[in-house]
Amino acid sequence: LDLDSGISKFRNLRVLLTGFPERLLMVKGKNRTKKNSDVDLKAVRCAVGELKGKRRQSQCDISVLLAHEPQFIEEYSVADYDYIFSGHAHGGQIRVPFLGGLFSPGQGILPKYTSGVHKAGYGYMIVSRGLGNSSFPIRIFNRPEIILAEIQV
């Protein structure tokens with residue numbers, strides 16, 4: 001078994017790691033109250049268009065986008081990244097077994113994107129429940145988590 005040959009084939013692996021600043025989501029002049037009405041979707045779509053351009057120009061082997069709020073998965077997926085890592089939903093704060101989270105900032109009651117892996121265009125969005133709390137300082141049936149993602153090439 002030659003371990004060196006297996007390692008060397010990954011030494012030139014090109015990874016594009018891009019962050020999507022949450023400030024791009026905010027309507028100018030508003031103090032973000034975590035309502036979707038406070039989100040400037042035009043600005044989000046414009047920024048995602050720029051990300052798509054970066055993705056195409058990078059000629060990378062793997063692309064990763066860090067985007068705080070998972071409810072904009074449709075907008076993010078247009079950028080054609082392989083993986084999108086997100087959080088913000090805090091696992092829905094209170095989880096009901098077999099049903100999921102009850103509330104999430106920006107997604108409201110019975111949110112769809114509170115944890116797990118979701119298809120996003122041709123890639124995937126991984127949503128972490130995170131470690132902290134939201135405006136509601138209690139977690140029920142909602143263990144904090146740190147995600148370890150092992151990407152296979």
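Two strands count as paired if DSSP finds at least two bridges between them; helices (H or I, at least four residues) and strands (E, at least two) are DSSP runs, numbered from the N terminus. This is a predicted model, in which local features need pLDDT of at least 70, side-chain atom pairs count only at pLDDT 80 or more, and totals for chains, interfaces and linings use all residues. Residues are numbered from 1 along each chain as its sequence is written, and side-chain values use heavy atoms, with hydrogens and water left out.

**View 1. Strand β9 and its parallel partner, β3.** Let us start with β9, which spans residues 123-127 and has 4 of its 5 residues buried (under 20% relative accessible area, with a 1.4 Å probe and protein chains only). Strand β3 (residues 83-86) runs parallel to β9, and 4 bridges join the two. Look for Phe85, opposite Ile126 of β9.

**View 2. The hairpin of β8 and β9.** Here β8 (residues 116-120) runs antiparallel to β9, joined by 5 bridges. Lys119 sits opposite Tyr124 of β9. Between the strands of this hairpin lie 2 residues, and Gly121 has a positive phi near 65 degrees.

**View 3. Met125 and the largest nonpolar core.** Such a core is a set of buried Ala, Val, Leu, Ile, Met, Phe, Trp, Tyr and Cys residues joined through side-chain atoms within 4.5 Å. The largest one has 21 residues, and Met125 is among those with the most contacts inside it, along with Phe20, Leu65, Tyr76 and Ile84. Elements giving two or more residues to this core include β9 and α2 (41-58); α2 provides the largest share, 4 residues. Contact means heavy atoms within 4.5 Å; the residues that Met125 touches include Pro70, Ile73 and Tyr113, not counting residues up to four places away in sequence.

Methods: Buried means under 20% relative accessible area, exposed over 50%, partly exposed in between (1.4 Å probe, protein chains only).
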